[in-house]
Amino acid sequence: MVMIWEDLTVTIGVGKKKKLLDGVTAFAQPGRIMAVMGPSGSGKTTLLTSLAGTLAANVAMSGKIEINGMKRSLYSKEVSYVGQEELLLGTLSVRETLTYSANMRLPSIMTKQEINKLVEETIIEMGLEDCANTKIGNWHLRGISNGEKKRLSIGLEILTQPYVLLLDEPTSGLDSASAFYVIQALSNIAFKGKIVICSIHQPGCEIFNIFDDLLLLSNGETVYFGEANMALKFFGDAGFPCPTKRNPSDHFIMSINLDFDLINEALARCHTASNSKVGIIRTADIRRKLIESYKSSELTINTRTTIQQLKANVKKEEAINSNNVTSSANWMKQLSTLTKRSFLNMSRDLGYYWLRILFYILIGITIGTLFFHIGTGNSSILARGKCVSFIYGFMICLSCGGLPFFIEELKVFYGERSKGHCGEAAFVISNIISSFPFIFLISISSGIIIYFMVQFHPGLSNCAFFCINLFCCLSVVESCIMVVAAVVPNVMMGLATGTGFIIFMMMPSEIFRPLNDLPKFFWRYPMSYLSFAAWAVQGQYKNDMLGVEFDPLLPGDPKVTGEQVLPILFGVPLNHGKWLDLAMLIILLFVHRFLLFLVIRFNKRGVSHVLWFYVMENLLLAKQGLLKNKAPKKQELPRPLSSLENAMSPEYAIVRL
């Protein structure tokens with residue numbers, strides 16, 4: 001097994017294209033762990049996502065990426081990618097997270113005992129025995145540490161025993177001990193015959209010594225590729241030896257990070273120039289000389305020669321057959337696993353449904369108290385209409401509370417989908433099944449309280465219709481909120497957008513005005529037919545008032561029937577029955593769920609990391625403009641950094657003009 005990438009170039013933009021990677025050529029062999037280093041914006045993440053096949057749609061790539069002589073295929077099982085962000089459900093334990101992932105990805109022919117054995121082996125391999133039964137942690141649960149989360153993320157990827165493991169900043173946010181533990185675990189994985197490539201910013205000496213190979217990037221160009229322990233010799237031969245008291249990785253980054261030019265230039269403006277410029281060179285010039293030295297060195301020739309030898313040694317019959325499949329588990333097993341995991345997450349997260357159930361019950365008691373024993377007097381006619389509007393208006397708006405928790409679950413799904421673990425249909429259907437008991441509990445608990453305290457139209461069928469109608473209405477609202485969450489990833493924007501959308505859909509309903517009084521254009525046709533609130537409210541009006549007789553306004557007059565009240569006072573059409581209103585709600589439910597499927601299907605959400613380069617470019621231009629406008633006439637150059645270390649000095653100091 002060998003992974004080779006030749007002349008890999010990645011560009012972004014339509015007119016003036018920006019190169020994120022510029023002709024990068026290297027290879028990775030089994031049993032060795034490679035570090036991809038470079039300053040921020042150098043192309044480390046772009047390289048890893050290129051090798052993993054997860055580049056953004058607005059990015060163009062050219063060059064060759066081969067695994068054992070064959071082109072890497074999308075969702076190939078031999079390559080696994082671990083991003084910087086840990087996409088995990090905080091309500092699950094470490095063992096449960098690994099088990100659900102294994103059931104969703106491993107072949108369906110594997111037995112439960114075999115899967116559990118593999119999960120336990122992964123826990124031991126990643127050193128997670130002490131926290132195997134500990135919850136990962138969320139807003140109300142104290143969970144595992146950041147280092148354990150990193151190891152868990154790696155453990156999720158090695159479940160399927162991939163040949164290539166790609167990791168983006170696996171030590172980010174960790175202390176030195178946790179970072180060393182993670183890199184040592186990766187080294188053990190590589191020792192078993194795997195290819196491990198990870199980007200890392202500025203590792204300590206102990207961590208740097210673990211790496212076998214080093215790929216040093218700067219602005220998308222290769223500064224060095226070869227054995228990690230030979231990088232110091234390369235820098236020394238190029239005229240920039242590392243001082244004895246400096247960390248090698250720090251020296252490498254300081255030699256090629258162009259941001260130091262701007263920082264030190266700004267600092268130099270604060271002093272009067274008194275030093276000579278003889279022997280001074282900027283980081284940009286150091287970087288340029290290092291790149292030229294690498295291109296003309298034997299390292300480049302040896303890399304090309306080794307690649308040709310590796311290609312010649314690879315036998316086509318031994319090449320891995322990379323199938324474009326999303327998972328080895330069948331669709332039904334994926335659906336079952338996602339449903340169990342989603343239900344467990346909903347039942348353990350207090351904010352997902354339990355707090356809302358409590359609020360719904362409190363609202364039900366409040367409504368029952370305000371409209372207690374509403375009766376059939378003449379004044380109760382308007383009171384019943386107000387009560388129905390109060391019920392659906394408040395309960396519909398309360399459904400927005402589940403948006404933050406669905407966004408977290410959606411993020412986990414997007415991460416799994418990007419790796420081909422599961423599809424959109426399984427996710428949407430599993431969410432319907434897992435949320436059904438909770439929405440049903442909300443409808444039954446609050447519905448029965450309201451029904452018997454208010455004393456709506458008596459009868460078992462009327463009570464059942466009220467609860468079912470409330471259930472379908474809340475289900476449609478939940479679907480609307482999910483669609484908003486899939487389009488607007490930010491929680492605050494999602495809450496604002498979701499609330500606004502729900503209120504907008506409530507406007508063409510009897511909650512605010514009778515249907516006959518609505519403007520015919522747009523609001524009556526077609527919005528009143530698309531409004532879930534309109535169908536739910538008029539269905540309950542019919543369920544409550546049809547067949548009920550109310551006291552007349554004046555004594556001695558005949559009683560007023562519900563059939564007379566509904567079309568005249570509330571503008572409810574009686575050309576169809578309440579069950580058709582309920583059927584329309586069910587149809588809207590399926591329409592919104594299908595819309596959710598389409599949004600998730602075609603919305604490849606996740607802000608691409610390439611936007612970082614746009615931000616950095618604009619900041620760079622702004623800094624340069626400010627420095628030009630505010631540059632004084634006299635300036636003093638800072639002292640060379642190496643002179644402060646009382647150690648071996650490089651030929652040129654890394655200072656700024």
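## Strand pair E9 and E10

In this predicted model, strands E9 (residues 213–218) and E10 pair in the antiparallel sense, with 6 bridges between them. Across the pairing, Leu215 stands opposite Phe225 in E10. The hairpin made by E9 and E10 has 2 residues between the strands, and Asn219 there takes a positive phi near 50°.

Strand E10 spans residues 221–227 and is mostly covered, with 6 of its 7 residues buried.

## Aromatic pairs

The structure holds 32 aromatic pairs. One of them joins Phe440 and Phe471. A pair of aromatic rings is described by the distance of the centres and the angle of the planes. For Phe440 and Phe471 these are 6.4 Å centre to centre and 75° between the planes. Planes over 60 degrees apart count as edge-to-face, and the pair of Phe440 and Phe471 is therefore edge-to-face.

Phe440 belongs to helix H16 (residues 424–454) and Phe471 to helix H17 (residues 460–487), so the contact ties together parts that are 31 residues apart in sequence. Phe440 is partly exposed, at a relative accessible area of 42%, whereas Phe471 counts as buried at 14% relative accessibility.

## Aromatic cluster

One aromatic cluster is formed by Trp139, Phe343, Tyr352, Tyr353, Trp354, Phe405 and Phe438.

## Charges over rings

The charged end of Arg151 sits over the ring of Tyr181, at 4.3 Å from its centre. Arg524 lies over the face of Tyr525, and its distance from the ring centre is 5.2 Å.

Note on methods
Residues numbered from 1 in each chain as written. Predicted model: local features only at pLDDT ≥ 70, side-chain atom pairs only at ≥ 80, totals over all residues. Heavy atoms only, no water. Buried < 20%, exposed > 50% of the residue type's maximum accessible area, 1.4 Å probe, protein only. Helix = DSSP H or I, 4+ residues; strand = E, 2+ residues; numbered from the N terminus. Pairing = 2+ DSSP bridges. Phe/Tyr/Trp six-rings, centres within 6.5 Å; stacked < 30°, edge-to-face > 60°. Lys NZ or Arg CZ within 6 Å of the ring centre and 35° of its normal.
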